[in-house]
Amino acid sequence: MTSPPTDEAFDVLFRQWYRPLLAQAMFVSGGRRTLADDAVQEAFLQCWQRWNAPHLEPVRAWPGWLRTTVVREVLRLQKEVGSAGFDPDMHDQAAAEVDLASWMDARGAYRMVLERIVSLSDKQREVMSRCAIAGQPLGDAAKEMHIQVATARVHLHRARQALEGVRRELQELGVIDAGEGRQ
């Protein structure tokens, strides 16, 4: 029998994965910082609850579980609040909170990535989020999106094409891994 995870281990998990998960949530939400923050916080809340629930089957890989939960939460929150437009100028004026752009060496690269992400259609961003970030199989993503697998494949292909020029920046932000998009 394994011992229950410690609070210190949870803190380590949080410190290690908060920023990459926020970057992923920013991608999924099309740059909507507040929505991304809410999704990541909700994912960590669910993680904490699951972490302290010994009666549930243990999670074997928390990073994958968190990625999937963040994507699911962003998609849920987007449905609740609607898809209002994104204003990159307003986004970069985050007052006293830690801004994702501050984690980057070049603010221009951050804005370029956001502009590319915003240019994706909602369906392209959703299928890319489900498959490339959360690791969901294309068939499952298509089923949950209520579209044909071939249509999902086209959305994924077009999203990858649109983001090809910013792949390195997406990898540095931790949104995708080094192998994503090379298939």
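Leaving aside neighbours within four places in sequence, with which residues is Phe 10 in contact? The views below begin with that residue. This is a predicted model, in which local features need pLDDT of at least 70 and side-chain atom pairs count only at pLDDT 80 or more, while totals for chains, interfaces and linings use all residues. Residues are numbered from 1 along each chain as its sequence is written, and side-chain values use heavy atoms, with hydrogens and water left out.

View 1. Phe 10 is in contact (heavy atoms within 4.5 Å) with Phe 44, Cys 47, Trp 48 and Trp 51, its neighbours within four places in sequence being left aside. Its relative accessible area is 9%, so Phe 10 is buried; buried means under 20% relative accessible area, exposed over 50% and partly exposed in between, with a 1.4 Å probe and protein chains only. Phe 10 and Cys 47 are separated by 37 residues in sequence and by 8.9 Å in space, C-alpha to C-alpha.

**View 2. The protein chain as a whole.** The chain holds 9 helices and 0 strands, where helices (H or I, at least four residues) and strands (E, at least two) are DSSP runs numbered from the N terminus. Buried residues account for 46% of its 183 residues. Of the contacts between residues at least 6 apart in sequence, 63% join residues at least 24 apart. The accessible surface is about 10200 Å², and carbon and sulfur atoms contribute 52% of it; areas come from the Shrake-Rupley method with a 1.4 Å probe, and for residues only the protein chains shown count as cover.

**View 3. Packing of helix α7 (residues 138-145) on helix α8 (residues 149-163).** The axes of α7 and α8 lie 9 Å apart, at an angle of about 105°. Axes are lines fitted to C-alpha atoms, for helices over the stretch in contact, and angles run from 0 to 180 degrees between N-to-C directions. The two helices are therefore roughly perpendicular to each other (65 to 115 degrees; under 35 counts as roughly parallel, over 145 as roughly antiparallel and the rest as oblique). Leu 138, Gly 139 and Ala 142 of α7 meet Val 149, Ala 152, Arg 153 and Leu 156 of α8. By class, this contact has 5 nonpolar, 1 polar and 1 charged residues; Ala, Val, Leu, Ile, Met, Phe, Trp, Tyr, Cys and Pro count as nonpolar, Asp, Glu, Lys and Arg as charged, and the others, Gly among them, as polar.

View 4. Leu 138, Ala 141, Ala 142 and Met 145 are the buried residues in α7. Seen down the helix axis, they fall within an arc of 100° and so line one face of α7, the arc being that of the directions from the axis to the C-beta atoms. These buried residues pack against α6 (122-133) and α8. His 146, in the loop between α7 and α8, has a positive phi of about 60° although it is not a glycine. At 73% relative accessibility, His 146 counts as exposed.

**View 5. Gln 124 in helix α6.** Gln 124 counts as buried, at 13% relative accessibility. Residues up to four places away in sequence not being counted, Gln 124 touches His 155, Arg 158 and Ala 159.

**View 6. Arg 168 in helix α9 (residues 167-173).** Arg 168 has a relative accessible area of 51% and is exposed. Arg 168 and Val 113 are 55 residues apart in sequence, with a C-alpha to C-alpha distance of 9.9 Å in space.
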